[in-house]
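This report goes through one protein model, from its overall make-up to single residues.

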Amino acid sequence: MNNSLCKAKLPNSSSTALQVKDPLYSATIVNIVFNSCLCYTTIVLNIVTICALRKTSSLPNLFKTLLLSLAVSDLGVGLLGQPLYLAYLDVKLQCNLSNRPILVASTRVILNIFYLSSFCSVMALSADRFFAIQKPLRCQNVVTHKRVITVVTAIWSLSVLLGLFFVFVLPGKITIVIILMIESVCFGATTWSSYKICKTARQHNIQIQSQTRINSGMLNIVSLRKSAQSTLFIYVAFWVCYLPHFILSCHLIYAGGTMTSSTLNEFFKTLVLLNSSLNPVIYCWRIRNIRHAIMETLQNVRWRQFCGR
């Protein structure tokens with residue numbers, strides 16, 4: 001473990017000055033405070049979002065199933081990932097990680113599971129909207145509810161297996177390399193599908209503007225375009241949060257550094273965890289039906305609290 005954190009705890013005047021100047025110590029304190037607040041918002045926002053998604057009947061069932069998978073992953077981050085990460089940071093602050101192998105392993109397993117499930121869920125969302133907007137007539141026959149359930153089950157099963165495998169079987173550096181490869185594939189696939197979605201949505205928009213009358217087929221295209229654009233916002237937020245940590249990991253692997261010795265690593269991990277709070281905000285902002293369901297859910301909660309008084 002890094003000695004600078006341990007030195008920051010020595011009860012003398014020189015260590016007090018070091019405690020103030022030590023970047024790792026300060027970064028850990030800031031991350032503990034920020035994640036303590038973020039944990040609550042992540043749990044509340046995603047619980048409300050899951051309830052709203054279940055009540056929303058106007059969304060396509062396949063799209064809603066994939067959104068639910070991503071929302072459950074985000075909720076898991078708030079319920080398990082962030083509390084374990086907070087405990088990990090607290091133990092790291094006390095320079096006692098070597099005596100807490102179960103905590104370290106549990107934190108890595110849980111975070112790996114939810115990271116991987118988020119990667120795959122975002123990729124599945126992009127693929128679903130790409131196929132829906134590119135081949136709207138074939139989509140209903142090819143992308144069935146049974147197949148989507150199979151894909152979601154495979155995503156979570158693979159995430160759990162890889163999360164355990166990365167921690168208990170493979171060495172740390174090999175694990176990081178494999179995760180970076182998975183992230184690269186996800187980044188490349190979602191970027192390509194997002195580009196094609198944007199291009200097709202622009203063409204559809206030109207077609208709609210040139211039509212004097214909008215028939216049912218055009219209304220279906222408008223609905224697909226809106227859901228595809230919502231997926232694009234989820235994708236952008238995802239990579240804004242994940243890309244800095246991805247770049248830093250690539251740099252440290254190339255330069256031969258360690259993740260625990262980097263001050264930026266702590267902040268970029270927190271940025272990754274922040275994504276679980278941003279997704280419900282995007283659902284509420286971009287998808288009108290979910291926004292109405294969320295507002296209705298919140299109003300019902302307030303009414304019950306008022307009646308309980």
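## Overall make-up

The model is predicted. The protein contains 11 helices and 0 strands, and its order of elements from the N terminus is α-α-α-α-α-α-α-α-α-α-α. Of its 309 residues, 45% count as buried.

Helix α5 covers residues 101–134. Its 34 residues should span 50 Å at 1.5 Å a residue, and the end C-alpha atoms are 49 Å apart, which agrees. The helix is mostly covered, with 24 of the 34 residues buried.

Thr107 is a residue of α5. Its relative accessibility is 4%, so Thr107 counts as buried, the cut-off being under 20%. Tyr85 belongs to helix α4, which runs over residues 61–93. With a relative accessibility of 1%, Tyr85 is also under the 20% cut-off and therefore counts as buried.

The C-alpha atoms of Tyr85 and Thr107 are 6.1 Å apart, although 22 residues separate the two along the chain. For Tyr85 and Leu111, which are 26 residues apart along the chain, the C-alpha separation is 8.4 Å.

Helix α7 consists of residues 145–168. From its first C-alpha to its last, the 24 residues of α7 reach 35 Å, close to the 34 Å expected at 1.5 Å a residue. The buried residues of this helix are Val148, Val152, Ile155, Ser159, Gly163, Phe166 and Val167.

Val160 is also placed in α7. Its relative accessible area is 33%, so Val160 is partly exposed; that class lies between the 20% limit for buried and the 50% limit for exposed. Together with Leu164, Phe165, Phe168 and Val169, Val160 makes a nonpolar surface patch of about 450 Å².

Helix α10 takes in residues 263–286. At 1.5 Å a residue, its 24 residues should span 34 Å; the distance between the end C-alpha atoms is 35 Å, which agrees.

The axis of α10 bends by about 30° at Ser277.

Which backbone atom lies 2.7 Å from a polar atom of the Thr49 side chain? The atom is the backbone oxygen of Leu45. The separation of 2.7 Å is within the 3.5 Å limit used for polar contacts.

Technical notes: Residues are numbered from 1 along each chain as its sequence is written. This is a predicted model: local features need pLDDT of at least 70, side-chain atom pairs count only at pLDDT 80 or more; totals for chains, interfaces and linings use all residues. Side-chain values use heavy atoms; hydrogens and water are left out. Helices (H or I, at least four residues) and strands (E, at least two) are DSSP runs, numbered from the N terminus. The expected span of a helix is 1.5 Å times one less than its number of residues. The bend at a residue is the angle between axes fitted to the seven residues ending there and the seven starting there. Patches are made of residues with over 30% relative accessible area and no salt bridge: like charges are joined within 9 Å, nonpolar side chains (Val, Leu, Ile, Met, Phe, Trp, Tyr) within 5 Å. Accessible areas come from the Shrake-Rupley method with a 1.4 Å probe; for residues, only the protein chains shown count as cover. A salt bridge is a side-chain nitrogen of Lys or Arg within 4 Å of a carboxyl oxygen of Asp or Glu. Buried means under 20% relative accessible area, exposed over 50%, partly exposed in between (1.4 Å probe, protein chains only). A polar contact is a pair of N or O atoms within 3.5 Å; within protein, one must be able to donate a hydrogen and the other to accept it, and residues adjacent in sequence count only if both atoms are side-chain atoms.
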